[in-house]
Amino acid sequence: MTGYAQDYSIDELFIATLARQIQGDNRAILAVEVPLCLIAWLLAKETHAPDCGCWTLAGGLDPKPSRLPLSTGDPTLIEGALANLDLSTKVGLARLGRYDVMFLSGVQIDKFGNVNNSVIGSFDRPKVRLPGGAGGAEMIHLVPKVILYRAKHDIKTFVGKVDFVTYPGWIDTVTWRRGGPVKVITNLAIMDFDEESRQMRLKSVHPGVTVDQVVDNTGFALIIPKRVTETEPPTREQVDLIRNKIDPEGLRKSQIFN
Amino acid sequence: MILKWRPILYNIHGDEYKIAKELGMQQKLKNLSEALEIVKDGNSVALGGVLNNRLPVALTFELIRRGLKNLDIISLEAPFLFDVLIGAGCVRSLDTAYCGFASPTLGFAHMPCFRRAVEGGTIQMKENIGDCFILGFEIGRLGVPFLALRSLSGSDVLATRPEYFKPIRSPYTEEEMIAIPAYNPDVALIHAKQADVFGNVLLEEPGFGLDEKIAFASKKVIVSVEQIVPHEQLLGRVNIPHFLVSAVVEVPWGAYPTANHPFYEVDYRHLEKYLKAAREPATFQSYLKKYVFECPDHSTYVELACGAVTGRQGG
């Protein structure tokens, strides 16, 4: 058995944590896959979940890419695919409940797991116009396990109230959903949601990070349970695979980890 | 990396005029300028492709050269073209689900002209939910006026477009749902793999499959292709039949700087250069002048941008 790595960086821990959210024969949706989520999926497939599947926005079903994509929709995600289903059919599979896990990110996240990827300020005359939500506003309801991730845990991201709800979290205006956000993974910690209040709760802090550090970098009152564990570090095997096989060029470092 | 795609340009042979007559097909092969004559100010224009794949760049640049105004642009995700069109002052409204590159090399940065225009209030942003966008064209091509989804509640996007997202109750289960209408835009611009001179088009768009739906749903369709091939080669493989197509233009590298797999891949270096230029209005205008207005055709643009040999181009 492989032991835990002693020498690893935050991006490697982050990817290993994302990879652990994919289990067994889970089918994952990696809509905006670049690059962290795809690396995590490849890592899960190489280690504990060889039977896991995925679809990406413009790629094939269960691809075997020869290199990492350089943007969403990079044609490498067609290579070695089982099938090239059209996007409408792929989304249909999610509506029918055939997909298990999905990763989503955004610029602001609040305590109910609402995510903003549309505007800072007002919608009509925004201070900052963000790229938009792609299909996330529906997908967040369709997939049982939605994992929110953000490599930058700070009070600008984790806000009391998002300026705009692009992807709805656990709020009353939602009339139907199969799943929703169950975990939030950042460069500091893993959070989940309290079953009663549906508010964000600290689950574990990454090695070397204190609870206070997480609290100070969160713009709302995070629920702090009596027992906060330490996040499982990446294994030596995971670190070796990330560095030497899956992402030798270090594309993972292009996303900001502060 | 860019594949060296050297097209052999097509010459119409005598038999094809005979076939055309027998089958009642018209010759649709045009040059860029002729092909785009049917697009008018104020039209709703759907752009095919997705993100960095098969965007109809040659067709769109010609729209800009023609100086069209007040266009209502509809496209799932075509960040590069949105930005150039908006910067060039052609756009009245933008209906899209995403405008950004989502790339470790280009960043997740927001598109400069797009941001300036939306933040400055000079264009109308109609944010859509990607899944609704796809379904809008799916039902648009089936001739169905609307459909309802149960899985759209909770997002603030709904309230920004009350004329588009309409609450409805299921007549079967009494469930609360949201109705979305079909898309049937005035014109679709699509870049494809091959066509014959009559406008029968072969798409081969693995993994995405939206261009075919866009073509069927739109009132008029203009297609550029990497290659015109003999009619016989496409029999049984046509995705868009000739009677839907107003014009077809042979434009090798017509999606450049985005990819048209397997002919060529994305030119990230040129897109980076574009992003840098677009940061300021003045440098954006220099880009537009150099790469759009001073390029008489698409092959000149590609040769100027990356030095690839693209061959002659119609018109």
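Biologist: Which domains does the domain assignment of chain B give?
Modeller: The model is a predicted one. In its chain B, one domain is made of two sequence segments, 14-127 and 184-306, and the other covers 130-181.

Biologist: What distance separates the centres of domain 1 and domain 2 of chain B?
Modeller: The centres are taken over C-alpha atoms. For domain 1 of chain B and domain 2 of chain B, the separation is 28 Å.

Biologist: Which element gives the largest share of the side of domain 1 of chain B that touches domain 2 of chain B?
Modeller: In this contact, 11 residues of domain 1 of chain B meet 10 residues of domain 2 of chain B. On the domain 1 side, the elements that give two or more residues are β4 (124-127) and α8 (210-217) of chain B. By class, that side has 7 nonpolar, 1 polar and 3 charged residues. The largest share, 5 residues, comes from α8(B).

Biologist: Why is one side of β5 and of β6 of chain B left without a neighbour in the sheet?
Modeller: The sheet is open, with 3 strands in the order β5-β7-β6 (chain B) and antiparallel pairing. β5 (146-149) and β6 (166-169) of chain B stand at its edges, so one side of each lacks a neighbour: each has a single partner strand.

Biologist: Which residue is the bridge partner of B:Leu147?
Modeller: β5(B) pairs with β7 (residues 176-181) of chain B in the antiparallel sense, over 4 bridges. The partner of B:Leu147 lies in β7(B) and is B:Ile180.

Biologist: What angle does the direction of helix α6 of chain B make with that of β7(B)?
Modeller: Helix α6 (residues 130-142) of chain B packs on the sheet. Its contacts there are with β5 and β7 of chain B. The angle between the directions of α6 and β7(B) is about 60°.

Biologist: Which element gives the largest share of the side of chain B that touches chain A?
Modeller: The contact between the chains takes 48 residues from chain B and 45 residues from chain A. On the chain B side, two or more residues come from each of α5 (112-119), α6 and α7 (157-160) of chain B. The largest share is 5 residues, and the element that gives it is α6(B).

Biologist: How many residues of the side of chain B that touches chain A are nonpolar, polar and charged?
Modeller: Chain B brings 48 residues to this contact. By class they divide into 22 nonpolar, 17 polar and 9 charged.

Methods:
Residues are numbered from 1 along each chain as its sequence is written. Chains are lettered from A and ligands numbered from 1 in the order in which they are written. This is a predicted model: local features need pLDDT of at least 70, side-chain atom pairs count only at pLDDT 80 or more; totals for chains, interfaces and linings use all residues. Two strands pair if DSSP finds at least two bridges between them. Two residues are in contact if their C-beta atoms, placed from the backbone, lie within 7 Å. Axes are lines fitted to C-alpha atoms, for helices over the stretch in contact, and angles run from 0 to 180 degrees between N-to-C directions. Ala, Val, Leu, Ile, Met, Phe, Trp, Tyr, Cys and Pro count as nonpolar, Asp, Glu, Lys and Arg as charged, and the others, Gly among them, as polar. Domain bounds come from an automatic or database domain assignment.
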